[in-house]
Amino acid sequence: MTMDDLAPRIAAYLAHRMPQASQIEISGVSRIHGGASRETFRLSASWREGGNRKTRPLILRRDPVASLIETERDVEYNAYRAFHPTGLPVPEPLYLETDLKWLDRPFFVMEQIEGCTAGSPFNPEPYGALAETLGRQFWTHLGHIAAADPKEIGFDANMGSIAPDACWKRELDKWEKVIDEDELAPQPVARAAIRWLRRNPPPPPPKISVVHGDYRTGNFLFNPEGEIRAILDWEMCHLGDPLEDVAWAADPLWAFQRPDRPGGMIARDEAFAIWEKESGLTIDPGRMRWWEIFNSLKGLAIWISAGKEYQTGANRDPVLAFSSWYCTDVHNRVLAKRLADFAKEARR
Amino acid sequence: MKPDVDLVMQGFFGTLLMDVAPHLNAEYSMGNVGIMAMMMFMTAEEHDRAADIRVAENTEMRALFAEAAKLIEDAALSAMLADAAASRDASLRVKALDAANAVLNGLLVELQTYVETSKAAWAGPLDARIWDYLVAATERRKLTFPSLG
């Protein structure tokens with residue numbers, strides 16, 4: 001389907017969802033990189049309503065044939081719906097559609113945040129002069145996500161409950177299964193990490209929180225004034241230990257050249273202090289260490305899965321090949337060094 | 001004489017980023033070209049060293065297995081280790097080396113799993129030797145990320 005084909009079909013869909021609107025026109029349909037798990041399109045809709053012509057820039061996220069992360073679009077949509085009224089900067093979700101007759105695959109439509117950009121997660125200086133101001137907001141918002149009551153904001157709908165002492169195992173089982181199913185060749189470092197994680201389970205978190213699941217450099221939009229305007233890519237959100245997000249945000253892959261400044265923003269100590277203040281929670285070093293190893297393993301699972309998608313021809317998006325080559329090597333290296341140190345410590 | 005493959009790949013990296021990408025109108029296409037350019041840069045590095053890295057890994061794993069085969073009490077595992085230690089790379093084609101590498105890595109997973117649960121005196125030093133190998137191997141495979149500044 002070309003962009004020209006998409007526009008009239010989106011117009012027909014909006015006419016169905018907006019009976020009060022007439023003369024709906026769709027322009028500027030353009031595919032953008034917006035997370036490798038969904039096809040993301042930027043577009044502008046205009047229509048007549050109440051005697052006036054209205055215009056609204058929109059984002060449409062459509063399920064792919066195959067993706068980097070296999071997730072349900074309603075989980076992501078529901079996260080936007082839960083957090084939008086709380087003041088957390090997320091786009092306003094507008095429509096969720098599972099009927100294939102409109103665009104062949106399920107999709108959702110949300111507000112487009114204009115005039116913003118996202119930093120590259122592989123740049124040692126992704127935010128330049130804005131690093132400090134963005135870093136403080138980045139960790140503040142993550143603290144607010146951890147502090148949110150999932151039930152009160154409606155995040156827990158269709159999520160299923162999880163006990164504090166069970167969340168580590170559920171996540172580990174999930175990502176081990178991905179490696180079992182998708183590895184193209186045996187992965188000694190990943191397997192060693194899985195064994196270490198099972199031998200050293202973390203203490204349970206004091207409470208179950210919303211976990212974004214991919215909170216990191218590159219997954220938020222900011223304006224030229226240095227204000228974070230949108231936290232994106234909630235495909236992997238779930239309920240669990242809030243330290244899972246802290247460890248993922250601080251994973252060495254993001255802005256890899258600066259491990260002392262997670263994600264290329266502010267110093268690790270300051271970042272964690274902000275998160276503790278805003279979440280009302282504390283970072284237990286033992287638990288944190290477990291989630292750090294887990295997240296590097298989860299990264300490996302995602303990159304291994306991406307490699308399989310590309311190799312089998314299920315999805316030939318170049319970002320999958322890149323993730324498989326570059327990110328797999330980084331996480332293998334990070335895990336090998338850390339686990340070798342742990343083994344050395346254990347033998348002393 | 002023909003230009004070297006790594007030189008060509010690095011040249012294409014520059015051409016794609018500087019000459020092609022700026023003339024594209026579609027943001028998604030521009031992003032894809034950027035990623036492909038970066039991967040050409042990485043291909044330049046990988047092309048030259050791919051066989052060397054795999055031969056080194058396979059050789060080191062076989063040496064490790066030869067040593068482990070003498071220590072492991074499990075007769076079946078010990079025999080598999082001895083067989084793998086005696087195997088050789090029949091071809092220097094990267095796909096053939098990768099196939100052998102996958103077999104050896106599978107056996108390394110088995111060996112390390114066994115060693116981690118062993119209480120024998122040799123288990124600690126052998127585990128340390130496996131980790132030394134894994135750290136060196138992952139470091140050797142490090143891909144250089146191009147400086148885009």
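Predicted model: local features only at pLDDT ≥ 70, side-chain atom pairs only at ≥ 80, totals over all residues.
Figure 1. Residues are numbered from 1 along each chain as its sequence is written, chains are lettered from A and ligands numbered from 1 in the order in which they are written, and side-chain values use heavy atoms, with hydrogens and water left out. The axes of α5 (residues 167–182) and α6 (residues 188–199) of chain A come within 11 Å and cross at roughly 160°; axes are lines fitted to C-alpha atoms, for helices over the stretch in contact, and angles run from 0 to 180 degrees between N-to-C directions. Their crossing is left-handed, that is, the near helix is turned anticlockwise from the far one by less than a right angle (clockwise would be right-handed). Look for Trp168(A), Leu172(A) and Ile179(A) among the α5(A) residues that meet α6(A), where the partners include Ala190(A), Ile194(A) and Leu197(A); contact means heavy atoms within 4.5 Å. The contact residues divide into 6 nonpolar, no polar and 6 charged. Here Ala, Val, Leu, Ile, Met, Phe, Trp, Tyr, Cys and Pro count as nonpolar, Asp, Glu, Lys and Arg as charged, and the others, Gly among them, as polar.

**Figure 2. Helix α6(A) also packs against α4(B), at an angle of about 25° and with the axes 9 Å apart**. That makes the two helices roughly parallel, the term for angles under 35 degrees. α6(A) passes α4(B) in a right-handed crossing. Pro188(A), Arg191(A), Ala192(A), Arg195(A) and Arg199(A) meet a set of α4(B) residues including Asn105(B), Leu108(B) and Glu116(B).

**Figure 3. In chain B, the axes of α2(B) and α5(B) come within 11 Å and cross at roughly 180°**. The pair is therefore roughly antiparallel. Among the residues in contact are Ile53(B), Met61(B) and Leu64(B) of α2(B), with Leu126(B), Ile130(B) and Tyr133(B) of α5(B). This contact has 10 nonpolar, no polar and 6 charged residues.

**Figure 4. The second largest pocket draws its lining from both chains**. α6, α9 (285–312) and α10 (318–347) of chain A and α2 (27–69), α4 (94–117) and α5 (123–140) of chain B each supply at least two lining residues, and α2(B) gives the most, with 10. The lining divides into 22 nonpolar, 11 polar and 8 charged residues.

Terms used
Helix = DSSP H or I, 4+ residues; strand = E, 2+ residues; numbered from the N terminus. Parallel < 35°, antiparallel > 145°, perpendicular 65-115°, else oblique.
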